[in-house]
Amino acid sequence: MKKFYTPMAKAVNVLLMLTPFLCCWFLYYEPRTMTVNSRQVSAILIVLYAIAYYHIARKLDGFRLQIAQIRDMAFGQIIAVGATDCAAFLVIWMLSIHCPNIWPGMAAFACQCALGTAWALVAHRMYFAAHPPLKSAIVYDVRQGMEKLISTYGLEARYDVRRSFAVEEVTRDLTVLDGYSEVFLSGVHTHERNVILKYCLLHNIRVLVIPRIGDVLMSAAEPLHMFHLPIEYCRRSAPPLEYRIAKRVMDIVVSALALAALSPLMLATALAVKSDGGPALYKQVRLTKDGKQFNILKFRSMCVDAEKYSGAVLSAGERDPRVTKVGRVIRACREDELPQLLNLLKGDMSLVGPRPERPEIAAEYEKTLPEFALRLQVRAGLTSYAQVYGKYNTMPYDKLLMDLMYIAKPGILEDLCILLATVKILASRESTEGVGEEKAELKYSARDKAAG
């Protein structure tokens, strides 16, 4: 029964989300469309709705009972069902004689939010009542702190960490891993990692590996068959032409529509910033594709000449004394980022891509982490994989790994999922924590960075 619990829970969730939509469709929208009493249209719409919701929720971790927190699952489902409802409303609009009333759909969405939150709470508790913590071990080399992360993110219910091994202990005697269900490999170098990985897979031990830069680069390799040998073809990012065209069209359309819709808010914000003294807009040199420099635009949130004496330094978050009163408000609401829509329209940036870094700070990172320049294979983004799944104070090495993971697997669907996931982090305080605010993180050394 345990092995079928997660698929059953997913099926229940999809049915719960589908029920308010079905009521809304059959009781209100369907009689007002040109397809009234058309069973075929209704069946196709319902199937497409269920498939779209399932795939979006899965990408946003809405079903990840094993490791996701209740809040994250609920957020993932709310965003997924909201996106699916919007798409369904557009379809209903096209099928309708007149523009349909949005309020029945909003009522259905409210019911779906309540049902999704209740499902996340109940399913999470039932899952861990039926699944005791897995007997786990940590194998570390140059990165430590995995136990603290497991505790910080409330994953003790999933992983019962019995021991932490230095990699030398394990390579001397691999049998010390016998009896464990899952093993974390944290900062383990390639040779030792491969030895441990092979042993674990042969003995049915699941492995969670924190990748190294080389691993992520290899994940983008194209398989070839030459000389009767399997070959992995590695090169700089070269996404298909159709993807690049679709991505640019999406950038233009979204930025133009957003600027039109948000222009009153941007004008009000500009006046508020101006009243605080100094210019409303702030320009700062950033790096984009192939190291090209451009002036990123923001509403000024710090005092004038904030870096006159300190030079280029990262923000310390809420405690930064350079942030003005108006700046604290617009930073909390993310309004300071809105002028970047102009950069997006111009082509300096894309909707999704590695966040643009300052040349001075990038040069500092590259002194100990030369691979940091690999982020510049693609155009900088308004939001990014690292911004969604990391935090403001996530270490540069880990941000680089996440950016390279995005660059390795480009796709419009991946971009759309990152955009939807960005909605979640807009409500999260963690995404704006300054670099000086202490959090549980994996510790790593210069040796780890140098080894890639």
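1. The buried residues of helix α14 are Y397, D398, L400, L401, M402, D403, L404, Y406, I407 and A408. This is a predicted model, and the helix in question covers residues 396-408. Ten of its 13 residues are buried, so α14 is largely enclosed by the rest of the structure. The list includes two aspartates, D398 and D403. From first C-alpha to last, α14 reaches 18 Å, close to the 18 Å expected at 1.5 Å a residue.

2. For the chain as a whole, there are 16 helices and ten strands. Of the 452 residues, 45% count as buried. The accessible surface comes to about 23,800 Å², and carbon and sulfur atoms account for 65% of that surface. Among contacts between residues at least 6 apart in sequence, 74% join residues at least 24 apart.

3. Strand β1 spans residues 134-140 and is mostly covered, with five of its seven residues buried. Strand β2 (residues 159-166) runs parallel to β1, and seven bridges join the two. Within this pairing, I138 stands opposite S164 of β2. Helix α5 (residues 146-152) belongs with these two strands: β1, α5 and β2 make a right-handed β-α-β unit.

4. Strand β1 is also joined to strand β3 (residues 182-186), by five bridges and again in parallel. Here A137 has V183 of β3 as its bridge partner.

5. The bridge partner of E182 in β4 is R206. With helix α7 (residues 190-202), β3 and β4 make another β-α-β unit, which is right-handed.

6. The loop between α7 and β4 holds N204. Its phi is near 55°, a positive value in a residue other than glycine. Most residues other than glycine have a negative phi. At 67% relative accessibility, N204 counts as exposed, because the cut-off for that class is over 50%.

7. F227 has a positive phi of about 55° although it is not a glycine. The residue is placed in the loop between β5 (222-226) and β6 (229-233). Its relative accessibility is 64%, so F227 counts as exposed.

8. Strands β7 (residues 281-287) and β8 run antiparallel and are joined by seven bridges. They form a hairpin with five residues between them. L287 stands opposite Q293 in β8. In the turn, D290 has a positive phi of about 60°. Strand β8 itself, residues 293-299, is mostly covered: five of its seven residues are buried.

9. The structure holds twelve aromatic pairs. One of them joins Y127 and F128, whose ring centres are 5.2 Å apart with planes at 85°, so the pair is edge-to-face. Both Y127 and F128 are buried. Another edge-to-face pair is formed by Y159 and F184, at 5.0 Å centre to centre and 75° between the planes. Y159 lies in β2 and F184 in β3, so this pair ties together parts that are 25 residues apart in sequence.

10. A last point on aromatics concerns a cluster. Y28, Y29, F89 and W93 form one aromatic cluster.

Note on methods
Residues are numbered from 1 along each chain as its sequence is written. This is a predicted model: local features need pLDDT of at least 70, side-chain atom pairs count only at pLDDT 80 or more; totals for chains, interfaces and linings use all residues. Side-chain values use heavy atoms; hydrogens and water are left out. Helices (H or I, at least four residues) and strands (E, at least two) are DSSP runs, numbered from the N terminus. The expected span of a helix is 1.5 Å times one less than its number of residues. Buried means under 20% relative accessible area, exposed over 50%, partly exposed in between (1.4 Å probe, protein chains only). Two strands pair if DSSP finds at least two bridges between them. A crossover is right-handed if, with the strands pointing away from the viewer, the path from the first strand over the helix to the second runs clockwise. Contact means heavy atoms within 4.5 Å. Accessible areas come from the Shrake-Rupley method with a 1.4 Å probe; for residues, only the protein chains shown count as cover. Rings of Phe, Tyr and Trp (its six-membered ring) pair if their centres lie within 6.5 Å; planes under 30 degrees apart count as stacked, over 60 as edge-to-face and the rest as tilted.
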